[in-house]
Amino acid sequence: MKNLENKLVRLVKRPKGFPNEDTWKLDSESINDLSVGEIIIENLYISIDPAMRGWMNEVRSYIKPIEIGEVMRAGSVGKVIHSKNKLYKKGAFVSGWGGVQKYCRTDGKGFVEINSKKNDLPIFLGTLGMTGLTAYFGILEVARVKKRETVLVSAAAGSVGSIAGQIAKIKGCKVIGIAGGKDKCNYVVNELGFDACIDYKNESVLRSIKRECPDGVDVYFDNVGGDILDSALIFINRNARIVICGAISQYNNSVVVGPKNYLSILVNRAKMMGMVVFDYADRYSSAIEEMNGWIKKGNLKSKEDIYVGLDNFYNVFQKLFNGNKLGKLIIKV
Ligand code: NAP
């Protein structure tokens, strides 16, 4: 095998608050051999996710923290370019945890083959990947939405929120989004078909939920936490379900602020439930098949926001938190 020059983004220190650029180092290393059972994947697209912020903290979580010096953890799709593993043929497209790097040398564990054309790969990081699956199981299995219920979704123009709201619409719900800025709200209503969208950066969230949800909220699908979660809690109905999918407003805080209005859960006999998509791994393929069917029928729209180059990692990472993007955030290597 000829020598490969890998380019990789390493975590070099644990950030406090919002990470500075020197949290990571763009590095290079040579890959010049391959053991039996291993493959080399050329990463083509890399998923940039809010969860990356949490993976850098040295705390007990649903997954172990990234070690200092390790390549930055990330989902990826790529092509097998060398294989000494019977399960993966050279030329196959695969998705898995390839990391923020050009080449990934691995025993293949945790990777799955994708039957797709090269140009169609990004959707397997979004709607037909981790974020779409989170929305699917969050809405259908955790919230168990019912026809005609009112579903409120935060970060509604984002990767998870946009799919969560559309699936709730497919199931016959009234769906209200919350997103930052007029353009995103217009997109959520006009392109994705939500019934309304609240611009939390320019209007009072409390007044707007009251206006858009006159019959109260049956399901609140929360991606952001903080004040928006507190506002939603005021309007929940009896037996409401609150899905704690994420809390991006808290990820850079050293002290996480929890909900002040939690007694509304008691009063309304509601349920607040955390979820982690990995718990549904044995059902991913049937979920992907169903979502693919909705896409083909035109009932589910997918949007990927793709930026080019590993050198751009820090700029792209910041977009998760400043909201300067639409849909699933991806780096094309
Ligand atoms: P995303 O929504 O595509 O991107 C993040 C969005 O969050 C930004 O575009 C921004 O949108 C919004 N945001 C950022 N800071 C905010 C703040 N302080 N207050 C309100 N909104 C803020 O990201 P995603 O990949 O779809 O993830 C959404 C959530 O799901 C995250 O919390 C993530 O950690 C979680 N997640 C959970 C699981 C699981 O298994 N539980 C799996 C995947 C993702 P605006 O421009 O609208 O502000």
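Residues are classed here as nonpolar (Ala, Val, Leu, Ile, Met, Phe, Trp, Tyr, Cys and Pro), charged (Asp, Glu, Lys and Arg) or polar (the others, Gly among them). The structure is a predicted model, in which local features need pLDDT of at least 70 and side-chain atom pairs count only at pLDDT 80 or more, whereas totals for chains, interfaces and linings use all residues. Residues are numbered from 1 along each chain as its sequence is written, and side-chain values use heavy atoms, with hydrogens and water left out.

Oxygen atoms of the ligand lie 2.6 Å from a polar side-chain atom of K184, 2.8 Å from a backbone N or O atom of G180 and 2.9 Å from a polar backbone atom of N223. On its own, the ligand has 910 Å² of accessible area (Shrake-Rupley method, 1.4 Å probe), of which the protein covers 90%.

A pocket is an open set of points with protein on both sides within 12 Å along at least five of seven lines, a cavity is a set of points where a 1.4 Å probe fits but cannot get out, and lining residues have an atom within 4 Å of a point. Grid points are joined across faces, edges and corners, and a volume is the space filled by probe spheres set on the points.

The second largest pocket has a volume of about 800 Å³. Its lining consists of 29 residues, with S95, V112, F124, L128 and I288 nearest the centre. By class, this lining contains 14 nonpolar, 11 polar and four charged residues. Strands β5 (93-96) and β7 (112-114) and helices α2 and α8 (284-297) each supply at least two lining residues; α8 gives the most, with five.

One cavity of 30 Å³ or more was found in the whole structure. The largest cavity holds about 80 Å³ of space and is lined by 14 residues, of which T127, S159, S162, I163 and K303 lie nearest its centre. Helix α3 (residues 159-170) provides the largest share of that lining, three residues. The lining of the largest cavity has three nonpolar, seven polar and four charged residues.

Terms used. Helix = DSSP H or I, 4+ residues; strand = E, 2+ residues; numbered from the N terminus. Polar contact = N/O pair within 3.5 Å; in protein donor to acceptor, adjacent residues only side chain to side chain.
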